[in-house]
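Morning, everyone. Please look at the model on the screen. I'll talk about aromatic rings and then the core.

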Amino acid sequence: MLGVINQPSHDINAMAAAKSNTTTVFISHAGPDSDFATWIADGLRKVGVTARLDQLEIKAGDNVVTWMNDAIGESDYLLVLLSPKSVKRYWVEMEWSNALMKEAHLRRTFVLPALLPELEDSQIPDMLRAKLFLDFRKTPDKAFLQLVSRLKEDKRSEEHTSEL
C-alpha cells in the first residue's frame with residue numbers, strides 16, 4: 001500500500017480545496033477502518049485530489065455534524081468505505097444517505113462505494129447495490145487506480161464541457 005504522510009493540517013486541506021480547482025473527495029468510513037481511509041486519502045493527495053477525512057480535520061471541541069455537513073456539501077464526491085464494521089455504523093449510513101440526496105439533486109454520480117476486505121456481498125446496503133463498486137477486497141492497488149482514473153476522467157470531462 002502507499003506510504004503514509006504524517007499529520008496533514010486540516011486548515012491546509014480546507015484552504016487547498018477552496019482555492020484550487022481540484023477534485024475534492026469526502027471519505028466516509030467507520031473508526032476501525034481509519035488506517036485504510038488514511039491510506040486512500042494520502043494516495044489521493046499524491047495525485048492532486050483533495051481528500052476530506054474526519055480524523056485529519058476535526059479538532060477537539062469542533063461540531064462533528066456541522067463539519068460533516070459542510071465537508072459533504074463542499075465535496076465533488078463521497079467515497080464510502082464499506083466494511084463489516086461500517087455497514088453497521090449509524091454515522092456512516094447518515095453520510096452516504098445524505099450523499100445520495102445530493103446525487104439526486106446534482107443528477108450525476110456523487111457516491112462512490114468501495115468494498116473493503118472481509119465485506120461479504122450480502123452485507124452491501126440495498127440502496128447502494130445498483131452502483132458499480134470499487135473493489136478493494138483482493139487488489140487494493142488496482143481499485144485505487146480505478147478510483148483515480150474515474151476522478152481524473154470526470155475532471156477532464158468537466159473541463160471540456162466548460163470550454164464549450
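F36, W39, F136 and F144 form one aromatic cluster. This is a predicted model, where local features need pLDDT of at least 70, side-chain atom pairs count only at pLDDT 80 or more, and totals for chains, interfaces and linings use all residues. Residues are numbered from 1 along each chain as its sequence is written, and side-chain values use heavy atoms, without hydrogens and water.

Rings of Phe, Tyr and Trp (its six-membered ring) pair if their centres lie within 6.5 Å; planes under 30 degrees apart are stacked, over 60 edge-to-face, the rest tilted. The whole structure has 6 aromatic pairs. One of them is W39 with F136, edge-to-face, 6.3 Å centre to centre, 90 degrees between the planes. W39 is in helix α2, F136 in the loop between β5 (134-135) and α6, 97 residues apart. Helices (H or I, at least four residues) and strands (E, at least two) are DSSP runs, numbered from the N terminus.

Now W39 and F144. Their ring centres are 5.7 Å apart and the planes are at 50 degrees, so this pair is tilted. F144 sits in helix α6, 105 residues from W39. Both W39 and F144 are buried, meaning under 20% relative accessible area, with exposed over 50% and partly exposed in between (1.4 Å probe, protein chains only).

Next, the core. Which residues have the most contacts inside the largest nonpolar core? They are I27, I40, L44, L79 and F136, in a core of 25 residues. A nonpolar core is a set of buried Ala, Val, Leu, Ile, Met, Phe, Trp, Tyr and Cys residues joined through side-chain atoms within 4.5 Å. Helix α2 gives the largest share, 6 residues.
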